[in-house]
Amino acid sequence: MRKHIATLAGLALALAFVVLFFHGRPETKPLDQVADRVGLKADDLVAMAPRISSQTGATMGTSRRLVYLMACSGATTGATLEAQAKLAAGIAEKQRMTPREAARTVLSAMPATGGADALRDC
């Protein structure tokens, strides 16, 4: 009987962790909504990632995340987004930073962006 109770308790604990994991995750904004912040379409953002990856040596995942973060910040315009994301990808690769840290570094260097605060909602 004790084995059954322990098994049920273990399953309940595992279920609680799963529920907390999915419930506690921060919401991400849809790509269409993020693209509107910089005056582009979602397809434009998707097309940037391979170009940035091939030019900087960053992985596709890093490039996608940087494009998303830079667009989500709203601090760049559609015309400068790719250049800023390339700069951040280069920093991420050379200094072994996470995409968020690299995006913060680039945004902090831009005077009118609000720096790292621009990524608060992303």
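User: In which helix is the place of Gln84?

Analyst: In this predicted model, Gln84 lies in helix α5, which covers residues 78–95.

User: Why is Gln84 called buried?

Analyst: The relative accessible area of Gln84 is 18%. The term buried applies under 20%, so Gln84, at 18%, is classed as buried.

User: Which residues does Gln84 touch, leaving aside those up to four places away in sequence?

Analyst: Its partners are Met70, Thr76, Val106 and Met110. Contact here requires heavy atoms within 4.5 Å.

User: How do you know that the end-to-end distance of helix α3 agrees with its number of residues?

Analyst: Helix α3, residues 42–56, has 15 residues. The expected span is 1.5 Å times one less than the number of residues, so α3 should span 21 Å. Its end C-alpha atoms are 22 Å apart, and the two values therefore agree.

User: Which residues of α3 are buried, and what makes them line one face of the helix?

Analyst: The buried residues of α3 are Ala42, Leu45, Met48, Ala49, Ile52 and Ser53. Viewed down the axis of α3, they fall within an arc of 130 degrees, and therefore line one face of the helix. On the other side of α3, Asp43 and Ser54 are exposed.

User: Against which helices do the buried residues of α3 pack, and what follows α3?

Analyst: These residues pack against α2 (31–37), α4 (60–73) and α5. Just after α3 comes Gly57, with a positive phi of about 85 degrees.

User: Which residues meet where α4 and α6 pack?

Analyst: From α4, the residues are Thr62, Arg65, Leu66, Leu69, Met70 and Ser73. They meet Pro99, Arg100, Ala102, Ala103, Val106 and Leu107 in α6. Met70 and Val106 are also among the residues that Gln84 touches.

User: What makes Arg96 count as exposed, and where is its place?

Analyst: The relative accessibility of Arg96 is 77%. Exposed means over 50%, so Arg96 counts as exposed. Arg96 is found in the loop between α5 and α6. Its phi is positive, at about 55 degrees, although Arg96 is not a glycine.

User: How many helices and strands has the protein, and what percentage of its residues is buried?

Analyst: There are 6 helices and 0 strands, in the pattern α-α-α-α-α-α along the sequence. Of the 122 residues, 34% are buried. Among contacts with a separation of 6 or more, 53% involve residues 24 or more positions apart.

Notes:
Residues are numbered from 1 along each chain as its sequence is written. This is a predicted model: local features need pLDDT of at least 70, side-chain atom pairs count only at pLDDT 80 or more; totals for chains, interfaces and linings use all residues. Side-chain values use heavy atoms; hydrogens and water are left out. Helices (H or I, at least four residues) and strands (E, at least two) are DSSP runs, numbered from the N terminus. Buried means under 20% relative accessible area, exposed over 50%, partly exposed in between (1.4 Å probe, protein chains only). The arc is that of the directions from the helix axis to the C-beta atoms.
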